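These are my notebook entries on a single protein model.

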Amino acid sequence: MARSKVAVVGGGIIGLAVARELMRSRGVEVTVFEKEAFVGAHQTGHNSGVVHAGLYYEPGSLKARLCRRGVSLLEEFLAEKGVAFDKCGKIVVAHTEDECRRLDAIHERALANGVPGVKLIEAEDIRAIEPHARGRKALHSPETAIVDYPGMTRALAEDITAFGGQILLRTAVTDLAERSGGVDVQTRSGADRFDRVIACAGLQSDRLAVTAGESSFPKIVPFYGDYFLLSPEKSALVNGLIYPVPDPKYPFLGVHVSKTIQGDVTLGPNAFLSLGRESYDRRTLSPKDVADAIGFPGFWRFAARNIPAAVRETRTALSTRVFVEQARRYVPAISVEDVRRGPRGIRAQAMNRDGSLEDDFVITGSARILHVRNAPSPGATSSLAIAEHVVQEAYRRAE
């Protein structure tokens, strides 16, 4: 009897994790379609490389559950494959009374989520962990880590090919159509028939879903995040990860100071509307993507509700000095002279018709086509657990 044929659209970390899980747990024949020349070309290869421990997420949410499960699976996979990984630890630093209260609430969430080793610390303890950091109080997460996500993605791809799957690079999927007995996957080379399709299209997830007859919402609105790199001479100022206390009134975290697995120290990211879903080059503009975002009434509703945050992010986008001042709040020894412009990432922010943001992972679809519509941070951390969940959901719908 012929094996079932399944297509996975998207060669980022989640798409490849799903493809690997399909082959391991279901024994199916898998083809991955990736439009770029290499895997992990978009969000996977343009993030901070943090393995999140699960501090912030609503207990019981998909994010909370899959993050903790994902960390365990990720550590096991990385050890097996020899991919670089470092439990450098993280502190979330509070300066004001209000931030201290929010920090207490985060601590309660972290405990509810089963984050190991997490504890509240005072100013003198901050200096013991990060000698150059300053704050009134902090939450210490010693299990938060950093990793080489592109390296992990390549290891996933190697597993897929070793299991007999194929990864078609430079092969963009332009349409998905469910037919009697299967799904037609359309590319520029023609159409192929599969028994099932799982789409993990990231920055293009809404557009691909629409071709399959799904709703336009949640809609992807791209926000870029710029990073600055601390000079090598000053990199010893930071031992691990130094984060601000998130403000629940605003959707984005704010500038933080982070060590990377390559040994660099980054400042960032900020968050500002991108001029293209894939515009990593600051001079590149996509008229289609810009028109799509600013022509969406939900974006303007979102902007109107977040004017203070928009002002702050505009200032960081226009001024290196203002950007660095955000980081100096936590590490005062950093100066503008110590930084140089670094890479840019683009976040696929899923936004509803009313301008509200989708906070949790979102998976939609039918018995034959499943769409991962929203997988923001901790998406990479949770990738192997998301893959388990998505594959189980795909086959549950087929029952």
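**Entry 1: the sheet**

I traced an open sheet of six strands, which run in the order β9-β2-β1-β13-β21-β20 with mixed pairing. The model is a predicted one. At the edges I found β9 (166–168) and β20 (362–365), each of which pairs on one side only.

I then looked at one pair of strands within the order. Strand β1 (residues 5–9) pairs with strand β13 (residues 196–199) in the parallel sense, over four bridges. Across this pairing, V8 stands opposite I198 in β13. As a general point, the strands of a sheet pair through backbone hydrogen bonds, and the sense is either parallel or antiparallel.

**Entry 2: aromatic rings**

How many aromatic pairs does the count come to? I recorded nine aromatic pairs.

I next examined F299 and W300. Their ring centres lie 5.1 Å apart with the planes at 70°, so this pair is edge-to-face, the limit for that class being over 60 degrees. F299 counts as buried because its relative accessibility is 8%. W300, at 49%, counts as partly exposed. I also noted that F223, F252 and F302 form one aromatic cluster.

**Entry 3: charges over rings**

K5 lies over the face of F194, at 5.1 Å from the ring centre. The charged end of K90 sits over the ring of Y243, 3.8 Å from the centre of that ring.

**Entry 4: enclosed space**

Rolling a probe the size of a water molecule over the atoms shows where empty space is left. I found one cavity of 30 Å³ or more in the structure. The largest cavity has a volume of about 40 Å³.

Which residues line the largest cavity? I listed V51, A53, R68, V71, E75, F85, K87, E143 and A145. Helix α2 (residues 62–81) gives the most to this lining, with three residues.

Conventions:
Residues numbered from 1 in each chain as written. Predicted model: local features only at pLDDT ≥ 70, side-chain atom pairs only at ≥ 80, totals over all residues. Heavy atoms only, no water. Phe/Tyr/Trp six-rings, centres within 6.5 Å; stacked < 30°, edge-to-face > 60°. Buried < 20%, exposed > 50% of the residue type's maximum accessible area, 1.4 Å probe, protein only. Lys NZ or Arg CZ within 6 Å of the ring centre and 35° of its normal. Pairing = 2+ DSSP bridges. Helix = DSSP H or I, 4+ residues; strand = E, 2+ residues; numbered from the N terminus. 1 Å grid on protein atoms, 1.4 Å probe; cavity = no way out; pocket = protein on both sides within 12 Å on 5 of 7 lines; lining within 4 Å. Points joined across faces, edges and corners; volume = space filled by probe spheres on them.
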